[in-house]
Amino acid sequence: MPRSRNKVASRRRRRKILKQAKGYWGKRKNVYKFAKNTVEKGMLYQYRDRKVRKREFRKLWITRINAAARQNGTTYSRLMGALGQKDIQINRKVLADLAVNDPETFTAIVEEAQS
């Protein structure tokens, strides 16, 4: 009995990989063997960098809060400690946004935390 192969499924699998490799340079976009490796590596980077993005944004928010806090005569560390003691529940993302877009409100929050 001859060996049966599922040509439809294997072609579809290869086409899916080559479609994901669209935009790559040279053999990476049109030779399955190279495209497969490149796409797999790209997916690993994608998975890793979804977590890295969260870290980078948190760093950015902390930097912005610290800069605004220093303009108000305190530091990031002291401000966050004071907010915790006063039980003011406001996250870093919102604080950073206030620091950039609404400095008056940020100043009011700093004063409330320090009072």
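The backbone oxygen of asparagine 6 lies 2.8 Å from a polar atom of the side chain of serine 10. This is a polar contact, a pair of N or O atoms within 3.5 Å, where within protein one must be able to donate a hydrogen and the other to accept it, and residues adjacent in sequence count only if both atoms are side-chain atoms. The model is a predicted one, in which local features need pLDDT of at least 70, side-chain atom pairs count only at pLDDT 80 or more, and totals for chains, interfaces and linings use all residues. Residues are numbered from 1 along each chain as its sequence is written, and side-chain values use heavy atoms, with hydrogens and water left out.

Serine 10 belongs to helix H1, residues 7-20. Helices (H or I, at least four residues) are DSSP runs, numbered from the N terminus. With a relative accessible area of 15%, serine 10 is buried; buried means under 20% relative accessible area, exposed over 50%, and partly exposed in between, with a 1.4 Å probe and protein chains only.

Next comes the packing of helices. Two packed helices are described by the angle between their axes and the distance between the axes. The axes of H1 and H2 cross at roughly 60° and come within 9 Å. Axes here are lines fitted to C-alpha atoms, for helices over the stretch in contact, and angles run from 0 to 180 degrees between N-to-C directions. H1 and H2 are therefore oblique to each other, given that angles under 35 degrees count as roughly parallel, over 145 as roughly antiparallel, 65 to 115 as roughly perpendicular and the rest as oblique. Their crossing is left-handed, meaning that the near helix is turned anticlockwise from the far one by less than a right angle. On the H1 side, Arg14, Ile17, Leu18 and Gln20 make the contact, and on the H2 side Tyr32, Ala35, Lys36, Val39 and Met43. Contact means heavy atoms within 4.5 Å. By class, the residues where H1 meets H2 are six nonpolar, one polar and two charged. Ala, Val, Leu, Ile, Met, Phe, Trp, Tyr, Cys and Pro count as nonpolar, Asp, Glu, Lys and Arg as charged, and the others, Gly among them, as polar.

H2, residues 32-71, also packs with H4, residues 92-101, at an angle of about 45° and with axes 8 Å apart. That angle makes H2 oblique to H4, and H2 passes H4 in a left-handed crossing. Arg58, Trp61, Ile62, Arg64, Ile65 and Ala68 of H2 meet Arg92, Lys93, Leu95, Ala96, Ala99 and Val100 of H4. This contact has eight nonpolar, no polar and four charged residues.

Asparagine 66 is also in H2 and is partly exposed, at 21% relative accessibility. Its C-alpha atom is separated by 4.5 Å from that of tyrosine 76, 10 residues apart along the chain. A polar atom of the side chain of asparagine 66 lies 3.1 Å from the backbone nitrogen of tyrosine 76. Threonine 75, in the loop between H2 and H3, is buried at 18% relative accessibility. Leaving aside neighbours within four places in sequence, threonine 75 is in contact with Asn66, Ala69 and Arg70.

The loop between helix H3 (76-85) and H4 holds aspartate 87. Most residues other than glycine have a negative phi. Aspartate 87 is not a glycine, yet has a positive phi of about 60°. Aspartate 87 is exposed, with a relative accessible area of 54%.

Definitions and conventions
Helices (H or I, at least four residues) and strands (E, at least two) are DSSP runs, numbered from the N terminus.
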